[in-house]
Each structure stands twice: as structure tokens, then as C-alpha cells.
Amino acid sequence: LIAVVSLTTATLVMGVLHFALKARKRPQVSGGESLLGEVAVALEDFEGRGRVRVQGEVWNAHCETPVHQNAPLVVEAVAGLNLKVRAKEP
């Protein structure tokens, strides 16, 4: 009886450990870090600061170069509720 309970418990622990390690290797799907590298779309023409849409949300963004409305941008960094973006390479 002790051997059966021990093997069952060990099997369950190994299964949980396997799934925990597998989940840890998956990419992040929420939070600011999930935005890095995503493509954003400019909602307006702006120089310096403006608004962009990324993953269905509207964010304040900062770009070093002038941006035209509907231009594709790439998210480089997240600082609070502001994104640092750059023009997407063609």
C-alpha cells in the first residue's frame, strides 16, 4: 500500500513539474513585455508624441522621426503607459 501511494504521488508530482517547466518556456502573452517587437499603427500624424494602436489598444507613443497617419511602427520599449516606437523597415 505504501509503495502504491508513493508511486502515485511521485507520478503526479513529476507530471505537475513537467507542465510547469513547459509553461515557463512559452512566450509571455500579457503585460508590457508582450508588446515589444509588435507592429503598431499610427492613429494620427505626429512629431515626437502621438497615439498608436497596437494589439487593439490605443497607446501614447514617442518616436524620434516624424510619423504619418496609418504608418506601421515597431514597439521598442514600454515606459508606464507610453511606448517608444520606430518606423517599420519595408
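## Exercises on a predicted barrel model

S2 and S3 form a hairpin with 2 residues between them, and Gln 55 in the turn has a positive phi of about 50°. Before we start, note that this is a predicted model, where local features need pLDDT of at least 70, side-chain atom pairs count only at pLDDT 80 or more, and totals for chains, interfaces and linings use all residues. Residues are numbered from 1 along each chain as its sequence is written, and side-chain values use heavy atoms, with hydrogens and water left out.

**Exercise 1. Find which residue of S3 is the bridge partner of Arg 51.**

Step 1: Locate the strands. Helices (H or I, at least four residues) and strands (E, at least two) are DSSP runs, numbered from the N terminus. S2 covers residues 46–54 and S3 covers residues 57–67.

Step 2: Check the pairing. Two strands pair if DSSP finds at least two bridges between them. Here 8 bridges join S2 to S3, and the two run antiparallel.

Step 3: Read off the partner. Arg 51 is bridged to Asn 60 in S3.

**Exercise 2. Work out in what order the strands close into a barrel.**

Step 1: Recall the background. Strands of a sheet pair through backbone hydrogen bonds, either parallel or antiparallel.

Step 2: Look at S3 and S5. They pair in the parallel sense over 4 bridges, and the partner of Cys 63 in S5 is Val 85.

Step 3: Look at S1 and S4. Strand S1 (residues 39–42) runs antiparallel to strand S4 (residues 72–79), with 3 bridges joining them. Ala 40 has Leu 73 as its bridge partner in S4.

Step 4: The 5 strands close into a barrel in the order S1-S2-S3-S5-S4, with mixed pairing. On average, neighbouring strands of this sheet are turned by 50° against each other, direction ignored; for such angles, axes are lines fitted to C-alpha atoms (for helices over the stretch in contact), and angles run from 0 to 180 degrees between N-to-C directions.

**Exercise 3. Find how many salt bridges the whole structure has, and which side chains meet.**

Step 1: Set the rule. A salt bridge is a side-chain nitrogen of Lys or Arg within 4 Å of a carboxyl oxygen of Asp or Glu.

Step 2: Search. The whole structure gives 1 salt bridge, in which the side chains of Arg 86 and Glu 76 meet at 3.0 Å, N to O.

Step 3: Arg 86 sits in strand S5 (residues 82–87) and Glu 76 in strand S4, 10 residues apart.

Step 4: Judge the exposure. Buried means under 20% relative accessible area, exposed over 50%, and partly exposed in between (1.4 Å probe, protein chains only). Arg 86 is partly exposed at 34%, and Glu 76 is partly exposed at 38%.

**Exercise 4. Decide whether Ser 34 is buried or exposed, and list what it touches.**

Step 1: Ser 34 lies in the loop between helix H1 (2–25) and S1.

Step 2: Apply the cut-off. Ser 34 has a relative accessible area of 11%, so it is buried.

Step 3: List the contacts (heavy atoms within 4.5 Å). Not counting residues up to four places away in sequence, Ser 34 touches Gln 28, Val 29 and Gln 55.

Step 4: Turn to Gln 28. This residue is also in the loop between H1 and S1, yet at 49% relative accessibility Gln 28 is partly exposed.
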